[in-house]
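The following exercises concern one protein chain.

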Amino acid sequence: MTNLIVSVILVLIVGGAVFYIIRAKKSGAKCIGCPAGGKCSGSGSLPRKKLDGPVVCKKTLSIDGMHCEHCAMSVTQCLNRIDGVSAQVKLSRGRALVSCSRQVDDSVLKSAVEKAGYHVTAIS
């Protein structure tokens, strides 16, 4: 009897999740469960920011907490707002590749990412 109850509960949970995903996809959601409510530009990409001068340094930031393209785009936008910084975020690797046309302190980059709601685990 207990197995039957557990099975029914599992079927209801899985069925509810499948119903939610199907309904969200039919309503046009590009990424299910993202902070933008599925209305992010997900598959699109931001134009690459051009630096004013030559590249002085390159850094790689390892970032935790990115789950969808919306997350990656948020991090890219926050880093690109910094003067002299051009960032390209790789969601699959959890990294941001940063090129700088002037010296930028690691704490400035880390602060920008953390203001966006993500966590920098390493800078190299």
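Two strands count as paired if DSSP finds at least two bridges between them. The model examined here is predicted.

**Exercise 1.** Determine which strands pair with S3, and in which sense.

*Solution.* Step 1: Strand S1, residues 57-64, pairs with strand S3, residues 95-100, in the antiparallel sense over 6 bridges. Within this pairing, Cys57 stands opposite Cys100 in S3.
Step 1: Strand S2, residues 85-90, also pairs with S3 in the antiparallel sense, over 6 bridges. Here Lys90 stands opposite Arg95 in S3.

**Exercise 2.** State how many residues lie between the strands in the hairpin of S2 and S3, and which residue takes a positive phi.

*Solution.* Step 1: The hairpin of S2 and S3 has 4 residues between the strands.
Step 1: Gly94 in this hairpin takes a positive phi near 65°.

**Exercise 3.** Decide whether Leu4 is buried or exposed, and identify the surface patch that contains Leu4.

*Solution.* Step 1: Leu4 is found in helix H1, residues 2-26.
Step 1: The relative accessibility of Leu4 is 51%. The cut-off for exposed is over 50%, and therefore Leu4 counts as exposed.
Step 2: Leu4 forms a nonpolar surface patch with Met1, Ile5, Val8, Ile9, Leu12 and Ile13, and together they have about 760 Å² of accessible area.

**Exercise 4.** Describe the span that UniProt lists as "transmembrane region".

*Solution.* Step 1: The unreviewed UniProt entry lists residues 6-22 under this name.
Step 1: In the model, residues 6-22 are 100% helix and 0% strand.
Step 2: The end C-alpha atoms of residues 6-22 lie 24 Å apart.

Notes. Residues numbered from 1 in each chain as written. Predicted model: local features only at pLDDT ≥ 70, side-chain atom pairs only at ≥ 80, totals over all residues. Heavy atoms only, no water. Patch = residues over 30% accessible without salt bridge, like charges linked within 9 Å, V, L, I, M, F, W, Y side chains within 5 Å. Areas by Shrake-Rupley, 256 points an atom, 1.4 Å probe, with all protein chains shown as cover. Salt bridge = Lys/Arg side-chain N within 4 Å of Asp/Glu carboxyl O. Helix = DSSP H or I, 4+ residues; strand = E, 2+ residues; numbered from the N terminus. Buried < 20%, exposed > 50% of the residue type's maximum accessible area, 1.4 Å probe, protein only. UniProt positions renumbered as here; feature names shortened; annotations may be inferred.
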